[in-house]
Amino acid sequence: MYALAVCAEMVFRELPIEERARRLHGAGFQVELWDWTKHDLDALARTPADFVSMTGYVTGSLTDEAGAAELLRTAEESLKAAEHLGCTRLNLHGTGLDGQGLPVVPVQGEPTGEMWMAAQRTLTRIAELGESAGVVFTLENLNTAVDHPGVPFAKAADTLALVAAVDRPGLRMNLDLYHAQIGEGNLIELVRRAHAAGLVGEIQVADVPGRCEPGTGEINYPAVARTLAEIGYEGTVAMEAWASDDTEAALERFRAAFTL
């Protein structure tokens with residue numbers, strides 16, 4: 001079935017990132033990272049961890065010419081970092097995010113048709129980079145109501161539409177169910193639709209409200225897990241969530257929610 005991963009940025013936060021990676025590996029989880037520029041890649045490479053996702057750019061955006069050029073330039077840098085760690089997926093957003101998760105190029109209202117076309121062109125070039133390097137870039141849906149106001153193409157429906165429009169194996173969707181619950185809901189049907197289209201690169205989870213581990217909020221993650229088994233999903237399910245209290249307990253709650 002699917003594999004389980006955990007974002008090392010959000011758990012064991014009192015420990016250095018390489019020790020977090022070791023602990024997650026020891027507990028049987030794959031490991032995900034955010035901004036690779038903030039870490040000692042050599043130290044991480046010396047751990048036994050299986051790194052499966054990290055941020056796929058440093059700066060840039062999808063829709064303006066200068067931002068797209070910067071996105072492509074830093075995506076190439078990210079590919080080198082990913083190769084160093086043996087990481088197979090690189091994550092993208094509708095635009096670059098600052099340290100507070102706010103967009104560097106915010107939009108007011110819905111993206112224009114011109115922005116959609118520009119984003120498709122940029123993502124096609126990103127997909128080509130991924131295919132040449134043998135990795136997959138994933139475009140993540142975000143929520144604008146709580147965490148990321150002003151991000152374009154934030155809804156899962158928008159992200160799915162862009163990935164479908166590009167239609168390249170080097171680009172898939174990072175279906176984040178925490179963000180989708182806040183922005184759209186109807187998670188099981190969303191999972192079914194995205195999987196049926198063959199466009200899911202991975203699935204990320206956290207509970208609502210609070211963005212903590214499964215079992216701390218309103219989402220019925222065991223029902224989601226049963227759906228994933230029914231549809232034959234074989235990718236990664238990653239916990240991108242804060243530990244509500246003890247990290248070890250949070251990891252076990254996550255494992256229990258997705259163990260059938």
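User: In this predicted model, buried means under 20% relative accessible area and exposed means over 50%. Is leucine 162 buried or exposed?

Analyst: Leucine 162 lies in helix 5, which covers residues 156–166. Its relative accessible area is 1%. Because this value falls under the 20% limit, leucine 162 is classed as buried.

User: How far apart are the end C-alpha atoms of helix 3, and what should the helix span?

Analyst: Helix 3 comprises 21 residues, 65–85. The expected span is 1.5 Å times one less than the number of residues, so helix 3 should span 30 Å. The distance between its end C-alpha atoms agrees with this, at 30 Å.

User: What covers the buried residues of helix 3?

Analyst: The buried residues of helix 3 include Gly67, Leu71, Ser78 and Leu85. Their cover includes helix 2 (41–45), strand 3 (51–55), strand 4 (89–92), helix 4 (113–133) and strand 5 (136–140).

User: With which side chains does the side chain of arginine 89 make a polar contact?

Analyst: Arginine 89 is in strand 4 and is buried, with a relative accessible area of 11%. Residues that arginine 89 touches include Glu32, Met54 and Thr138. Its side chain makes polar contacts, each at 3.3 Å, with the side chains of glutamate 202 and threonine 236.

How values were computed. Residues numbered from 1 in each chain as written. Predicted model: local features only at pLDDT ≥ 70, side-chain atom pairs only at ≥ 80, totals over all residues. Heavy atoms only, no water. Helix = DSSP H or I, 4+ residues; strand = E, 2+ residues; numbered from the N terminus. Buried < 20%, exposed > 50% of the residue type's maximum accessible area, 1.4 Å probe, protein only. Contact = heavy atoms within 4.5 Å. Polar contact = N/O pair within 3.5 Å; in protein donor to acceptor, adjacent residues only side chain to side chain. Lists of a residue's contacts leave out its neighbours within four places in sequence.
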